[in-house]
Amino acid sequence: MRKYIIAGNWKMQKNLSEAIQLVSDLKNELEGKDIIAEVVIAPPFMALEAVKSLIKNSVIKLSAQNMHSADSGAFTGEVSADMLKSVGCEYVILGHSERRTIFGETDEFINSKIKQALKNNLIPIVCCGESLDERENGTTFNIIESQIKAAFNGLTNEQAEKLVIAYEPIWAIGTGKTASPEQAQEVHAFIRKIIAGLTTQEIANGLTIQYGGSVKPDNAKELLSKPDIDGALVGGACLKADSFRDIILSV
Ligand code: PEP
């Protein structure tokens, strides 16, 4: 059964005391509420352990924002899947457009991280999305198809069905511009069709495909009402407990 997942990507924001405050506020905001979606938060690495202990008896699940593909070794500044598991992560965001564009991550590297996450029982939230140029020159679907094919390269069906996909048009991230529900639905349905071709229709139907890009309390409901939009990956609006709560409760 397809699951709705609302995930909050904190990016490089919140020091330790601010992280503790935000997660405590979020817990309070969600207490006693009827929550249908799976709720996931991705704080910065240095706050993961403290946040994990605070969410222990709550509905909130823990994600990292990135990881390396190797088991361990001389990779200064990097974090391994095993390290993330050891602090209680269940999810890891991979291939975020900021990782692709600012840090030069390639489709191949992202694919190797996906395999490493799965090997370590972490659920990868795999991001894909086109730039403004690509949307304007009509290559959105080619870009999405090649990113999705690269992400699934070499995965068995058993592995593939564990993935979560996040469609995040780069032009909508942090810009206040949201894809219209129709634009997003069109790409989500396309992603599901590509995945069905790579795996099976049943697996594609069961996968969660989140939308990300300036999701806010006032546009979440309409986006999430579309048949192929199964959740949201939220940046800016997850940094305030009440706005993230409102997005969670839009499901
Ligand atoms: C993101 O970074 O994944 C994102 C969608 O950010 P924002 O919601 O701020 O556009």
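Thanks for coming, everyone. Let me open with a cut-off: a residue is called buried under 20% relative accessible area, exposed over 50%, and partly exposed in between. With a relative accessible area of 28%, Lys14 is therefore partly exposed. One word of caution before we go on: this is a predicted model.

Let's stay with Lys14 for a moment. Where does Lys14 sit? Its place is the loop between strand E1 (5-9) and H1. If you like checking backbone torsions, look at phi here: for Lys14 it is near 85°, a positive value in a residue other than glycine.

You will find Asn121 in the loop between helix H5 (107-119) and strand E5 (123-128). Is Asn121 buried or exposed? With a relative accessible area of 58%, Asn121 is exposed, since the cut-off for that class is over 50%.

Helix H1 covers residues 16-30, and it packs against H12 at an angle of about 45°, with the two axes 9 Å apart. H1 and H12 are therefore oblique to each other, and H1 passes H12 in a right-handed crossing.

Who makes the contact? On the H1 side we have Leu22, Asp25, Leu26, Glu29 and Leu30, and they meet Ala241, Asp242, Phe244, Arg245 and Ile248 in H12. Sorted by class, that contact of H1 with H12 has 6 nonpolar residues, no polar ones and 4 charged ones.

H12 has another partner to show you, helix H11, which spans residues 217-224. Here the angle is about 20° and the axes are 8 Å apart. That makes H11 roughly parallel to H12. The crossing of H11 and H12 is right-handed. In this contact, Pro217, Ala220 and Leu224 in H11 meet Ser243, Asp246 and Ile247 in H12. By class, the residues of the contact divide into 4 nonpolar, 1 polar and 1 charged.

Moving on from H11, we reach Lys226, in the loop between H11 and strand E8 (231-234). Lys226 has a relative accessible area of 22%, so it is partly exposed. What does Lys226 contact, leaving aside its neighbours within four places in sequence? The answer is Pro181, Glu182 and Gln185. For a sense of distance, take Asp133: it is 93 residues from Lys226 along the chain, and their C-alpha atoms are separated by 26 Å.

From H7, the contact uses Thr140, Phe141, Ile144, Glu145, Ile148, Lys149 and Phe152. Facing them in H9 are Glu186, Val187, Phe190, Ile191, Ile194, Ile195 and Leu198. By class, the residues of the contact of H7 with H9 divide into 10 nonpolar, 1 polar and 3 charged.

Let me finish with ring geometry. How many aromatic pairs are there? The count comes to 2. In one of them, Phe141 with Phe190, the ring centres are 4.8 Å apart and the planes stand at 80°, so the pair is edge-to-face. Phe141 lies in helix H7 (residues 140-152) and Phe190 in helix H9 (residues 181-198), so the pair ties together parts that are 49 residues apart in sequence.

And how accessible are these two phenylalanines? Phe141, at 28% relative accessibility, counts as partly exposed, whereas Phe190, at 14%, counts as buried.

Definitions and conventions: Residues numbered from 1 in each chain as written. Predicted model: local features only at pLDDT ≥ 70, side-chain atom pairs only at ≥ 80, totals over all residues. Heavy atoms only, no water. Axes fitted to C-alpha atoms, helices over the stretch in contact; angles between N-to-C directions. Helix = DSSP H or I, 4+ residues; strand = E, 2+ residues; numbered from the N terminus. Parallel < 35°, antiparallel > 145°, perpendicular 65-115°, else oblique. Left-handed = near helix turned anticlockwise from the far one by under 90°. Contact = heavy atoms within 4.5 Å. Nonpolar A, V, L, I, M, F, W, Y, C, P; charged D, E, K, R; others polar. Phe/Tyr/Trp six-rings, centres within 6.5 Å; stacked < 30°, edge-to-face > 60°. Buried < 20%, exposed > 50% of the residue type's maximum accessible area, 1.4 Å probe, protein only.
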